[in-house]
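Please look over the sequence and the structure shown below before reading on.

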Amino acid sequence: MPVPSSSKKRKQTAAQETDSSDADELPQVGLDMLSDEEAEEDGLPHSDEEQVDEFPEIDAASDSEEDSDALEAEEDEDEEDEDEEDEEDGSGSGSSSEGDLHIFPRAKTIISDITGQEKKVYPDIEPDYDSDSSTEDAPNRVGNIPMHWYDDLPHVGYSIDGKKVLKPARGDELDKFLQTVEDPTAWTSAFDKNTQMDKPLTSEELDIIRRLQAHENPDAAYNPYEPTVEWFTGKGKEEIMPLSSAPEPKRRWVPSKWEKQKVMKIVRAIRQGRILPSKPKTTSAQQQFYAIWNEEPSAHAPPLPAPKPRLPTHAESYNPPEEYLPTDEERKAWEDTEKEDRERDYLPQKYGSLRLVPAYGQFIQQRFGRQLDLYLAPRIQRPKLNIDPDSLVPKLPSPNSLRPFPSYRSLRFSHTKGRVRSISVSPDGAWVVSADEQGIVSLWEVIIGREVKRWTMGEKVGAVEWCPRTDVSFFVVATEEMLHFLIPPNLPHAVLTATQLLLAPPTLPPALPVPSPVKWTNSSAISSEKPILSVELPKSSGVPKQIAWHRKGDYFATVSNAEGQGGVWIHQMSRRHSQAPFRKVKGSVQLVLFHPSKPQFFVATQRYVRLYNLAEQKLLKTLMPGIRWISSMDVHPSGDHLIVGGYDRKLCWFDLELSEKPYKIMRYHSRAIRSLQFHPTYPLFASSSDDGSIQVFHARVYNDLMTDPLIVPLKILRGHEVQEGLGVLQVKWVPKQPWLVSAGADSNVLVWCH
């Protein structure tokens, strides 16, 4: 229980009087200050027994515990040192402490130095801990001002009583460092400029500092994953907030450097005399006259007059004849008709007199329409061009004049089961080899469709391709990570001998210094039943999906679904060596082709076709067909043109000497394009699609570079059935005849003749 301040002051006053009286009586000699225990041992009376304190009147209603607490509080206050301010207040109020105890402070009556009249002065209020005052936490009451004003002053501000608040003593940097070493919690304090002291930070403030350092929201209660408030979604919420909540752009408050450069450019031009300011106009008192007839007449036609509004008819009268008034059926039909489809925007009505006619409801709309008529009216009369629309259509030759081309189905060769994804025609045009997904490879004649030989590979076949050489005869079958070289039966003795010497020479070429991960192995016995030569591709290469031969038959390339450089391999027959031409492939390689006459290599990724020079080992150009996913590609026998097909039904014709963009884009198929091929001798090319159709085109390329190629659609061949969304998967031309061989998802291979 706190002790009243008046009793404290009376106690201090009585203590001062006792000390002063003792000092007058005792002689001025050296005395020892003894403790209570030493006084008892020496037989001296206790210090508290000789000192008599005056206590205020005690209320009888208070209990003994409160009184003992008050006495203990007074004893504790005796041991503490008092400030000068408290001593002055105690001595000043000593005269008033002799009276009774008052709840409110006593007032002193003094003479004012200004008015000379008496006035009452109350002592300063000393708030206890029960007070609501906040002066204890903020002794400096200067407010929100720059604190550097007090840098050269011994004080830092003023208290609530108007007294100076002195700056606390602060050590040097060494003292600060020692304090941080001795006090492990020194880093949790911050310097307060208002009090010039280190103020300890609370846990909440430390958490805010940690969040700011971590670039987080300083508010711990902030939830960044609150559910989205749908302001503009839902019925009735459209444009509920027309103003944008986007932050202000920087150009609103930052001066534009570009405008500064433009202005300085104009200023320099004015200073250099390159831009002359307009001369001030001189007003002359004399009137100036111009001869308007001296100018030559204009050769331009005069501007057309504005269209005049339509004159009103009898139906717009306020008292029209009876035949102009609509019936109930006509009125209902007019109301049910859309506003844009009505013949007129009003219904005739009849009024008894002109003063009964109300305001016209469509007046503003009609005025606005009139303004549009004036604004959009033509001002110049242009002569009409009489052009026949048929003359704008390019004249194409008749398909009958472009024969021969395949027009009907000659024969059908059927596989037992599985889709036929790959076919190939021999260079002499007499044999066709076809393979299905079940691993069955069939060799049959083109003319009669008789199957001559069948091989069972035991696994899925990705591609088959004949060697283009005419002095030898063999084809390559691609399976899982393997390439098998097969020799057809019934070959002439000279061709068979040359083929066996090429595939299984008696002496192997010397090994290259750089070993290849691709292994070439020959079978022990030469037979037409088994592959005479096998090439093992690296592991995880997958099934090769394309085999592309060079025109000389010594090199061929394979493409598989493996990622990185292992997706494309170039193999050389004479040296039995394989190499990956690319260290790093941009994108997934879909197709590759050799240029028919130059050492160039076409590589088609998902969206681009890149042309490389194999001799110089550099990229020549990148073709951009604009196709989302390239599915097929073929180069013209002349080497100057390229066609590219995609799964998005586009067929792009490129002129390699013209541009990197397509010369012509054709969309004749309704579904994805699967295969494309130029005829090696005839001016024809064909495309197959998943819609089950084959488009045959006439494509004549001229030697004159100024003449555009002639591309004419000739025939649509339909004979394959669409199964599971797949149609015609591959087409191949017979080299020496205008015949076409097609393989479909219906397990059939068809031959089309003219």
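Predicted model: local features only at pLDDT ≥ 70, side-chain atom pairs only at ≥ 80, totals over all residues.

Lys732 is part of strand 33 and Glu465 is part of strand 12 (residues 463–466), so the pair ties together parts of the chain that are 267 residues apart in sequence.

Are the two partners buried or exposed? Lys732 counts as buried because its relative accessibility is 14%, which is under 20%. Glu465, with a relative accessible area of 18%, is buried as well.

## Other salt bridges

The structure holds 17 salt bridges. One of them joins the side chains of Arg419 and Glu724, at an N to O distance of 2.4 Å. This pair links distant parts of the chain, 305 residues apart. Arg419 is in the loop between strand 7 (408–414) and strand 8 (420–425), while Glu724 is in the loop between strand 32 and strand 33 (728–733). Glu724 is exposed, its relative accessible area being 70%.

A further salt bridge is formed by the side chains of Arg469 and Asp471, with 2.8 Å from N to O. Arg469 counts as partly exposed at 24% relative accessibility, and Asp471 is partly exposed with a relative accessible area of 39%. Elsewhere, salt bridges link Asp207, Arg210, Arg211 and Glu216 in a network. Side chains of opposite charge can pair when their charged atoms come close.

## A buried arginine without a salt bridge

Where does Arg610 lie? Its place is in strand 23, which covers residues 609–613. Arg610 is buried, yet it has no salt bridge. The nearest side chain of opposite charge belongs to Glu660 and is 11 Å away. A salt bridge requires a side-chain nitrogen of Lys or Arg within 4 Å of a carboxyl oxygen of Asp or Glu.

Which residues are in contact with Arg610, once its neighbours within four places in sequence are left aside? They are Lys586, Phe601, Phe602, Val603, Thr605, Leu619, Lys621 and Thr622.

Strand 21 and strand 22 (residues 600–604) pair in the antiparallel sense over four bridges. Together they form a hairpin, with five residues between the two strands.

Strand 21 (residues 591–594) is covered on both faces. Leu591 and Leu593 lie on one side, Val592 and Phe594 lie on the other, and all of these residues are buried.

## Pairings of strand 16

Strand 16 (residues 533–536) pairs with strand 14 (residues 482–486) in the antiparallel sense, over four bridges. In this pairing, Met482 has Glu536 of strand 16 as its bridge partner.

Strand 15 (residues 519–522) also pairs with strand 16, again in the antiparallel sense and over four bridges. Here the bridge partner of Asn522 is Leu533 in strand 16.

What is the order of the strands in the open sheet formed by four strands? The order is 29-30-31-32, and the pairing is antiparallel. Strand 29 (673–678) and strand 32 (710–718) are the edge strands, each pairing on one side only. On average, neighbouring strands of this sheet are turned by 20° against each other, with direction ignored.

Within the sheet, strand 30 (residues 684–689) and strand 31 (residues 693–700) run antiparallel and are joined by five bridges. Ser688 has Ile694 in strand 31 as its bridge partner.

## The chain as a whole

The protein chain contains twelve helices and 35 strands. It has 754 residues, of which 31% count as buried.

Among contacts between residues at least 6 apart in sequence, 47% join residues at least 24 apart. The chain exposes about 52,500 Å², and carbon and sulfur atoms supply 52% of this area.

Methods: Residues numbered from 1 in each chain as written. Heavy atoms only, no water. Pairing = 2+ DSSP bridges. Axes fitted to C-alpha atoms, helices over the stretch in contact; angles between N-to-C directions. Buried < 20%, exposed > 50% of the residue type's maximum accessible area, 1.4 Å probe, protein only. Lys, Arg positive; Asp, Glu negative; His and termini not counted. Contact = heavy atoms within 4.5 Å. Areas by Shrake-Rupley, 256 points an atom, 1.4 Å probe, with all protein chains shown as cover.
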